[in-house]
Amino acid sequence: MRRFTSFNLVALVFGLAFLYLPILILIIYSFNASRIVTVWGGFSTRWYVELMHNESILDAAWVTLRVGLLSASVATVLGTLAALALVRGGRFWGRTLFSGMVFAPLVMPEVITGLSLLLLFVAINFDRGFWTVTIAHITFSMCFVAVVVQSRLLSFDRSLEEAALDLGATPVKTFFAVTLPLIAPAVIAGWMLAFSLSLDDLVIASFTTGPGATTLPMKIYSQVRRGVTPEINAVCTILVALVTLGVLTASILGKARSPARTP
Amino acid sequence: MAKMLGPVRRAFQPWNDPSQPPFIEFRNVTKRFGDFTAVDNQSITVYEREFYALLGPSGCGKTTLLRMLAGFEEPSEGEIFLDGRPLTGVPPHKRPVNMMFQSYALFPHMNVADNIAFGLKQEGMAKADIAVRVEEMLRLVKLQDFARRKPAQLSGGQQQRVALARALAKRPKVLLLDEPLGALDKKLREETQFELTDLQESLGLTFLIVTHDQEEAMTMADRIAVMDHGRVIQVATPAVIYEAPASRYIADFVGDVNIFEGRIAHLENGGLTMTTAAGFTVEVAEMPQGVARPQAGETIWFAIRPEKMVISHERPPNATTNVIEGEVWDIGYLGDVSIYNIKLDSGDVVRATRLNASREVERPLTWEDRVFLSWRPDAGTVLVR
Ligand SMILES: Nc1ncnc2c1ncn2[C@@H]1O[C@H](COP(=O)(O)OP(=O)(O)OP(=O)(O)O)[C@@H](O)[C@H]1O
Ligand SMILES: [Mg+2]
């Protein structure tokens with residue numbers, strides 16, 4: 001273990017404050033008894049209770065959650081495969097083109113991604129709704145997964161896989177017994193990233209959604225345009241809690257694999 | 001530690017038996033990386049139960065040869081045969097060959113026992129048998145107390161031993177060892193060398209070991225292939241490599257040697273006399289190898305090992321050839337032997353060793369003594385390359 005210097009401590013405090021202060025304020029105001037968002041009127045959970053009765057927000061939350069889980073999972077599988085192909089495929093034909101195409105959406109303006117997907121869905125006459133949003137989210141979050149997993153694969157010691165093959169493991173077995181456990185942190189991180197991207201996406205979802213598939217960010221946005229309500233703060237607080245729970249679970253899962261397994 | 005030369009070992013010379021089929025055969029194998037040739041049109045044969053060492057400087061293509069046999073690289077040209085069958089196109093996991101990697105390649109997410117058990121699990125061995133084998137391997141490499149540790153919690157030498165145990169656990173027909181003992185201390189290395197040869201003999205395995213430690217190759221191997229720049233330049237038993245090296249390069253690479261350049265003065269009944277550039281005359285009992293008919297006047301080299309020269313204060317009586325005179329320049333005390341660097345009047349420095357047969361602390365030979373070095377006509381060899 002390296003020593004924890006005071007410089008590290010200062011950096012940590014500033015970094016955390018920068019990241020989390022706005023969220024902290026949001027959370028505090030979600031427990032505000034007053035209806036006026038910016039005036040503290042005492043502690044209360046009334047907005048949470050009201051939220052529970054707000055069907056439209058609950059619906060939107062449910063849509064968002066399903067879209068997030070599904071799109072993150074599919075994007076993780078596809079992104080990992082893409083990363084493997086890019087790092088391991090050697091010099092296959094069109095490799096440069098492929099890698100450029102995988103990473104282009106990272107820098108593509110969301111409006112363009114959203115618009116082009118919309119045009120596609122219209123062109124093939126795909127009914128817009130839950131599935132179109134999910135597919136759109138898979139499309140753009142897959143690239144992020146690919147980038148995260150690829151960087152891990154680049155530093156991966158190939159001789160570990162060779163050793164597994166040498167000891168008689170089939171390539172498939174080698175992937176699941178050696179490669180995957182070792183790149184798991186990157187794969188999990190990729191999933192978390194894809195999930196949170198999906199959770200807070202507004203632009204692409206707006207383009208590709210249809211009736212009955214309003215996501216939470218879209219709902220919040222449309223409400224905020226009519227004025228910020230403490231209810232919205234409450235929704236956001238719940239979102240933050242969910243994401244935090246997810247991250248903690250992932251990191252605990254990651255740590256839990258350290259103790260020795262018995263053969 | 002000397003190799004146990006039992007009666008079976010003494011008779012073990014399959015390379016001299018034309019009816020013996022080779023077990024591993026590299027047939028005109030070339031391996032190129034881009035326009036760099038790592039292995040250059042080499043044919044190598046290894047026999048069943050042989051302990052074969054590849055010896056050579058860094059980058060000469062030793063690992064590349066092993067990797068081609070294990071299936072991680074395909075030869076650019078030529079073919080490799082194992083037990084008579086061509087290996088071309090056979091994927092690594094289907095080759096009855098296990099390799100111990102130079103970089104160890106231990107699975108970091110598995111503990112020592114799981115690492116060793118990995119190969120056994122792949123062949124579907126029963127759990128109870130795996131446990132027994134793992135235990136046996138741990139004992140062999142003296143890591144019984146470390147079974148539950150992760151590789152990152154081990155020292156370099158311990159990791160190396162785990163890698164060795166993992167490669168050995170499956171008892172493959174052919175075991176490829178890439179610098180298996182480099183990270184071990186001398187005592188542990190010698191013990192492991194001994195146990196490896198023991199295991200190899202008792203299980204009847206074929207070992208191909210890569211090393212750049214010539215002493216290790218000498219102690220363990222039945223035959224040594226000396227490599228340089230992607231070529232095998234001599235294959236022979238350790239004794240032949242040491243006593244009759246094929247070239248100055250090999251003589252110099254394997255052990256200490258003094259080499260003198262000279263010209264053939266005349267040839268006589270099977271031997272020759274040469275005059276060296278340093279100004280003395282050498283009488284050699286044998287002809288140089290590798291030339292059909294040496295001519296008088298031809299440039300050749302005389303090579304003699306330090307332990308084959310006798311150091312004395314007086315000129316050996318009646319000696320006119322095979323004797324040189326000089327001054328003690330430097331002394332190295334190694335315990336069992338002492339090394340003397342003798343500076344000749346020509347300026348050349350010659351190395352001679354002497355067994356410390358008695359416990360004298362006051363050296364009878366000391367700095368700046370005038371001494372004579374002499375040797376018998378069969379003590380050195382003449383080399384044409
Ligand atoms: N994948 C590769 N691509 C390009 N060159 C390579 C590759 N693998 C090996 N080489 C080159 O081939 C030559 C032989 O390499 P090899 O690893 O066989 O050496 P070695 O004899 O095992 O050396 P050492 O004792 O240092 O391990 C080296 O010059 C190396 O740079
Ligand atoms: Mg090597």
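1. Basis. Residues are numbered from 1 along each chain as its sequence is written, while chains are lettered from A and ligands numbered from 1 in the order in which they are written. Because the model is predicted, local features need pLDDT of at least 70 and side-chain atom pairs count only at pLDDT 80 or more, whereas totals for chains, interfaces and linings use all residues, and side-chain values use heavy atoms, with hydrogens and water left out.

2. An unreviewed UniProt entry lists residues 24–254 of chain B as "domain: ABC transporter"; UniProt positions are in the numbering used here, feature names are shortened, and annotations may be inferred rather than shown by experiment. The span is 37% helix and 26% strand, and its end C-alpha atoms lie 25 Å apart; helices (H or I, at least four residues) and strands (E, at least two) are DSSP runs, numbered from the N terminus.

3. Magnesium site. The magnesium ion (ligand 2) is coordinated by OG1 of Thr63(B) and OE1 of Gln102(B), at 1.9 to 2.4 Å. Thr63(B) belongs to helix α2 (residues 62–70) of chain B, and Gln102(B), 39 residues apart from it, to the loop between β6 (97–100) and α3 (112–122), so that the pair links distant parts of the chain. Donors are N, O and S atoms within 2.8 Å of the metal (3.2 Å for Na, K and Ca), and because water is not among the atoms, sites may look incomplete.

4. Helix α2(B) is mostly covered, with eight of its nine residues buried, among them Lys62(B), Thr64(B) and Arg67(B). Just after this helix, Gly71(B) takes a positive phi of about 100°.

5. Contact with chain A. The contact (heavy atoms within 4.5 Å) takes 26 residues from chain B and 22 residues from chain A. The buried area, which is the accessible area (1.4 Å probe) that two parts lose on being put together, summed over both, is about 2200 Å², and carbon and sulfur atoms give 60% of it. Of the area that chain B buries against chain A, 26% is supplied by His93(B), His109(B) and Gln122(B), more than by any other three residues.

6. Salt bridge across the chains. The count between chain B and chain A is one salt bridge, defined as a side-chain nitrogen of Lys or Arg within 4 Å of a carboxyl oxygen of Asp or Glu. The side chains of Arg67(B) and Glu162(A) meet in a salt bridge with an N to O distance of 2.8 Å. On the side of chain B that touches chain A, α2, β6 and α3 of chain B are the elements that give two or more residues, and the largest share, four residues, comes from α3(B).

7. Backbone to check. Although neither is a glycine, Asn28(B) has a positive phi of about 50° and Asp83(B) one of about 55°. Asn28(B) lies in strand β1 (residues 24–33) of chain B, and Asp83(B) in the loop between β4 (77–82) and β5 (85–86); their relative accessible areas are 42% for Asn28(B) and 36% for Asp83(B).

Technical notes: Buried means under 20% relative accessible area, exposed over 50%, partly exposed in between (1.4 Å probe, protein chains only).
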